[in-house]
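Here is a briefing for a reader who is new to this structure. Take a look at the sequence and the model, then go through the points below.

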Amino acid sequence: MFRRNAIISVVIIILTVILGQIAKANLLVDNKILKIKTVDELNKLVFQFDLSLDDYIYPNYYTPEKALEVNDRAEIIAVVSPTGRIEQYHWLLRQEVVINKVVRGDKSLEGMTAKLDVSNGLVYYNIDEKRDPFDPRGFNLYYTNTVNIMQPGNEYLAFFNRMPLQDYAEDDIIFNCISTEYSYFNLSLPENDLLITDAMANYKLEDLKEYEYFTGSKRMLDLWYDVKEAAVKKYLDPQ
C-alpha cells in the first residue's frame, strides 16, 4: 500500500511539474500581450501573419449568401465607432466602441460605450510544431485574423450578440461578435486591391491601416468585398 501511494505521489508531482511548465510557458508568452491597452500600442508591434493566403478552400465555404445567413443571426446589428481602447488576450481581441446607431436590436444601446469580443488577434506562440515548445527561439508574434482591427476615426457596421455571462462582467457592457471573418465592415474605408504578398515578412498594423482584409488572394479579397457590399445593401440601404 505504501509503495503504491508513493508511486501515485511521484506521478502527481511529475504531472504537476509538467502542467506548471506549460502554464509558465503560456504566461511567459502572454504577459506582454495582456498589457496592451490601446490601438496605438498595437499598431507599433512587429509581427508576421499566421493565416492561409491560399484560396483553395474558403471560396467554396464562404459565399455572400452563407455569410449573410450567419450575420442575420446576430441579436444586434449596429453602426459603431472604436474608441482606440482594447484588451488583447490569448486568442481573443476585445475592442471598445461607441454604439452610434442600432439597426437591429435594443435601441436603448445607442450612445453607449461597449466592448466587442472577436476571436484571435495578435498571438505570441510557437508556430512550428516540430520545435521544442519551451524553446524561446521558436516563439514569434503573429496576427491571426483575416480582418484588420477597428481603427479610430472610422465607422463600422458590426454584428454581435449579448455575452452569456454579462451578469459577471461588472460595469462593462460586453458582446460577442457573430463571427471572425464578418464581425464588422469598415464603412469609412474605400474598396481597394491591397494584398499581403509575403506571409513571412514582418509588418506593423500602423502600416496596414488601408487594408480592411488580410489575404494574398485576389479571389478571396473580391469575395469579402462582395459580402460587405451585400451586407451594407441589406442592412443600411434597404430598397
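Lys218 is partly exposed, with 37% relative accessible area. The model is predicted.

**Salt bridges**

- The count of salt bridges comes to 11.
- Lys218 pairs with Asp193 in a salt bridge, and their closest N and O atoms are 4.0 Å apart.
- Lys218 belongs to helix H5 (residues 218-235), while Asp193 sits in the loop between strand S9 (184-186) and strand S10 (203-204), so this pair ties together parts 25 residues apart in sequence.
- Asp193 is exposed, because its relative accessible area is 53% and the cut-off for exposed is over 50%.
- Salt bridges with shared partners join Glu87, Arg94, Lys115 and Asp117 into one network.
- Within that network, Arg94 and Glu87 form a salt bridge whose closest N and O atoms are 3.4 Å apart.
- Arg94 and Glu87 are both buried.
- Arg104 and Asp72 also meet through their side chains in a salt bridge, at 2.8 Å from N to O.
- Arg104 lies in strand S3 and Asp72 in the loop between helix H4 (64-71) and S2, so the pair ties together parts 32 residues apart in sequence.
- Arg104 is partly exposed at 30% relative accessible area.
- Asp72 is partly exposed as well, at 31%.
- In general, side chains of opposite charge can pair when their charged atoms come close.

**Strand S2 and its partners**

- Strand S2 spans residues 76-89 and is mostly covered, with 11 of its 14 residues buried.
- S2 pairs with strand S3 (residues 92-104) in the antiparallel sense, over 10 bridges.
- Val80 has Ile99 as its bridge partner in S3.
- The hairpin of S2 and S3 has 2 residues between the strands, and Trp91 takes a positive phi near 65° there.
- S2 also pairs with strand S7 (residues 156-162), again in the antiparallel sense, over 5 bridges.
- Ile76 has Phe160 as its bridge partner in S7.
- In a regular strand, side chains alternate between the two faces of the sheet.

**Aromatic rings**

- A search of the whole structure finds 15 aromatic pairs.
- The rings of Phe47 and Tyr203 have centres 6.5 Å apart and planes at 35°, so the pair is tilted.
- Phe47 is in strand S1 (residues 46-49) and Tyr203 is in strand S10, so this pair links distant parts of the chain, 156 residues apart.
- Phe47 and Tyr203 are both buried.
- Phe159 and Phe185 form an edge-to-face pair, with 5.8 Å centre to centre and 85° between the planes.
- Phe159 lies in strand S7 and Phe185 in strand S9, so the pair ties together parts 26 residues apart in sequence.
- Phe159 and Phe185 are both buried.
- One aromatic cluster is formed by Phe47, Phe49, Tyr143, Tyr203, Tyr211 and Phe214.
- A pair of aromatic rings is described by the distance of the centres and the angle of the planes.

**A loop residue, Gly216**

- Gly216 has its place in the loop between S10 and H5.
- Gly216 is partly exposed, with a relative accessible area of 32%.
- The C-alpha atoms of Gly216 and Asp198 are separated by 7.8 Å, and the two residues are 18 residues apart along the chain.

**Cavity**

- How many cavities of 30 Å³ or more are there? The count comes to 1.
- The largest cavity has a volume of about 70 Å³.
- Its lining includes Val147, Asn148, Ile149, Gln151, Asn154 and Tyr156.
- Also among the residues that line the largest cavity are Tyr184, Asn186, Leu189, Lys209, Tyr211 and Glu212.
- By class, the lining of the largest cavity has 6 nonpolar, 4 polar and 2 charged residues.
- Rolling a probe the size of a water molecule over the atoms shows where empty space is left.

How values were computed:
Residues are numbered from 1 along each chain as its sequence is written. This is a predicted model: local features need pLDDT of at least 70, side-chain atom pairs count only at pLDDT 80 or more; totals for chains, interfaces and linings use all residues. Side-chain values use heavy atoms; hydrogens and water are left out. On a 1 Å grid over the protein atoms alone, a cavity is a set of points where a 1.4 Å probe fits but cannot get out, and a pocket is an open set with protein on both sides within 12 Å along at least five of seven lines; lining residues have an atom within 4 Å of a point. Grid points are joined across faces, edges and corners, and a volume is the space filled by probe spheres set on the points. Ala, Val, Leu, Ile, Met, Phe, Trp, Tyr, Cys and Pro count as nonpolar, Asp, Glu, Lys and Arg as charged, and the others, Gly among them, as polar. Buried means under 20% relative accessible area, exposed over 50%, partly exposed in between (1.4 Å probe, protein chains only). Helices (H or I, at least four residues) and strands (E, at least two) are DSSP runs, numbered from the N terminus. Two strands pair if DSSP finds at least two bridges between them. Rings of Phe, Tyr and Trp (its six-membered ring) pair if their centres lie within 6.5 Å; planes under 30 degrees apart count as stacked, over 60 as edge-to-face and the rest as tilted.
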